[in-house]
Amino acid sequence: MGSIDERALAHAWAIRSRGATLPPGGLPPADILDSWVRCARAGLDVAAEPPIQVVEAADLARRRDRADIVRRLALAELETLGHQIAGSNFLLAFADPEGVVLDLYADNRFLTSGSANDIVAGSMWSEEQAGTNGLGTALAIGAPVAVNGLEHHLLKYGDISCTAAPIRDAFGQVVGALDASSYFESRQRHTQALVQMACTHIEKLLLLYQMRDRLVLAVHPRAEFLGTLSAGLLAFDPQGRLQAFNARARDLLSGLEVASGTAFEELFDAPYELFVAGLRSGGERRLRDAMGSELFASCVQAPTRVPPRPARARMPRERPAPAAAPAPHASAAFATPVQRRSTDFVADDPAVRAALETARAALRLNAPLLICGETGTGKELLARHAHQASGRSGAFVAVNCGALPAELFEAELFGYVGGAFTGARREGSAGLIASADGGTLLLDEIGELPLTMQAALLRLLDDWLVRPVGGTASRRVDVQLLAATHVDLEQAVRERRFRADLLHRLDTVRIELPPLRARSDFSAVVRFMLEAVHREASIDDDANTCHARHGWSGNMRELRAVLTRALLGSPDGRLDEAAVRRVLPQAPPAADEPRSALARGAMEQVIQEFERCGRSVARTSRSLGISRTTVYRYLRQRDEGAAPR
């Protein structure tokens with residue numbers, strides 16, 4: 001940490017370098033000031049534009065191999081984060097402990113910025129190399145950090161905001177970091193919380209993997225939070241000595257000796273053997289720590305249960321990257337056989353109720369059904385409900401056509417005999433279609449089905465004979481086929497991405513699910529979703545009214561994410577209007593609506609500086625610490641008379 005004088009000097013230097021763009025009345029956060037001090041000591045020039053160093057391909061491959069388990073877990077979280085902040089001009093990155101980017105996913109629009117072009121696989125983002133930045137600073141201080149705009153030490157990154165958090169293993173060692181970056185103007189307040197939650201989830205799974213031969217307990221003052229990310233995790237060896245713990249456990253047991261080797265009895269007021277014997281009955285148990293505070297505890301992992309090695313994810317292309325896909329044979333990640341009854345389906349809206357009745361009627365006739373609707377409107381949930389209502393005895397199998405690797409699609413759907421291809425299991429596989437025999441098969445995201453597989457599916461619809469890859473014998477199956485899509489399949493046919501004859505077969509019965517914002521049973525849906533997130537939570541009418549005014553472009557998925565974030569800020573589980581407003585994303589104004597006074601002021605400041613700099617875009621860019629692209633955008637908006645964005 002820098003001295004007060006060094007901080008003040010760094011701040012004064014930064015304000016002078018950045019002109020009037022930083023408010024002189026307020027200091028940036030201490031972590032940013034300390035980072036500026038470190039950068040100043042390292043001799044980094046704020047106005048310099050040093051090229052970002054990129055490691056060689058062989059070095060990158062070695063680093064990815066070293067990361068191995070944590071990288072697989074990180075790729076899954078990057079995919080989830082990508083869905084949560086989609087459409088916000090973002091870039092997500094996973095880096096090793098030295099700040100070298102191993103993998104990234106990006107929105108194409110983010111990649112149009114010159115400064116964003118520096119962020120590639122293999123690029124090095126330590127503070128020594130790139131100054132104050134999300135990845136480098138989070139790794140330097142070992143804690144989450146947000147670096148917004150001109151808080152970056154190097155002025156060339158002044159148009160970017162990034163938030164990052166380190167990832168620690170079961171022993172407290174930093175093993176990597178996640179980062180979410182976006183344009184400064186389009187940054188979202190909740191992104192930092194989402195990144196931290198993603199890292200916490202990775203740390204939990206990593207601890208369970210590294211402690212797979214140990215008893216792992218979850219502890220929390222409230223029993224209903226034992227299964228959440230806010231629970232403390234403690235791993236003990238057979239003798240009751242502490243082997244590993246997460247940060248939350250250390251916080252919950254503050255004042256006690258939470259360290260490797262500490263005996264169970266030094267932490268809790270109970271003998272280890274008796275407590276473990278009581279866990280065998282299942283559920284949670286009350287427990288007092290050595291200072292008398294009451295906690296609840298449950299067994300997360302028994303020492304005899306060894307979790308499988310995390311499935312190898314399909315590694316992304318460098319940019320822009322697709323969603324990570326699990327390894328061959330990891331069919332469970334793509335398909336979900338369900339033979340038990342699921343939760344009720346909310347259908348108080350007339351359009352939804354009509355769609356549900358149509359689906360039931362189609363299944364009674366064993367007719368193919370096409371379910372259409374925006375992403376997140378509940379197409380799979382409706383399909384599951386229709387399957388349950390049909391009375392079919394077999395399993396419900398949902399297949400995401402956009403997630404299966406194209407080269408293994410046929411083998412996963414139709415199965416394969418042993419040794420049919422390199423990497424095939426010795427015993428072969430029956431395939432997902434056979435798994436649905438007597439039940440229902442949902443082909444979700446049918447518009448992503450490869451053309452070669454469209455022909456195979458068309459043949460299946462003719463005779464319902466399944467022949468595994470590499471086999472010679474066929475078997476007849478009894479399968480109810482459902483398909484779901486959020487894309488315009490007729491347009492896909494016109495663009496020759498989808499077969500017209502297959503569409504005609506699938507489109508025997510079509511139903512449309514309305515988006516969440518158009519549903520008359522909106523309040524019932526909110527309460528249903530809230531109960532699914534937290535059974536004891538409640539929401540008042542004012543909060544529901546606030547929800548109803550939102551656009552909900554992400555539909556059910558966005559609603560669940562918003563409710564989850566709201567509950568994180570409301571420990572009592574009661575959501576009022578203020579709790580909802582804190583986490584509800586701000587809807588972008590329409591193209592013809594005026595932007596905020598802040599945005600208009602930013603455009604005026606850019607134009608004034610442009611005139612002062614002799615109408616030089618380059619000088620304006622350097623003076624304000626923004627990219628030339630941003631300067632050109634404001635000038636174009638001025639010339640077109642458009643509202644600033």
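**Cores and a cavity**

Hi everyone, let's start inside: the largest nonpolar core has 33 residues, and Leu413, Ile433, Leu441, Leu443 and Ile446 have the most contacts within it. A nonpolar core here is a set of buried Ala, Val, Leu, Ile, Met, Phe, Trp, Tyr and Cys residues joined through side-chain atoms within 4.5 Å, with buried meaning under 20% relative accessible area using a 1.4 Å probe and protein chains only. Helix H14, residues 451-463, gives the largest share of this core, six residues; helices are DSSP runs of H or I with at least four residues, strands are E runs of at least two, and both are numbered from the N terminus. A second, separate core has 30 residues, including Val55, Leu60, Leu78 and Leu102.

A quick word on the source: this is a predicted model, where local features need pLDDT of at least 70, side-chain atom pairs count only at pLDDT 80 or more, and totals for chains, interfaces and linings use all residues. Residues are numbered from 1 along each chain as its sequence is written, and side-chain values use heavy atoms, leaving out hydrogens and water.

Back to leucine 441. Beyond its neighbours within four places in sequence, leucine 441 is in contact (heavy atoms within 4.5 Å) with residues including Val397, Val399, Leu432 and Val479.

Zooming out, the protein has 23 helices and 21 strands. Of its 645 residues, 51% count as buried. Among contacts with a separation of 6 or more, 65% come from residues 24 or more positions apart.

Finally, the lining of the largest cavity: strands S1 (90-95), S4 (160-168) and S5 (174-183) and helix H5 (134-141) each give two or more residues to it. Thanks, everyone!

How values were computed: Buried < 20%, exposed > 50% of the residue type's maximum accessible area, 1.4 Å probe, protein only.
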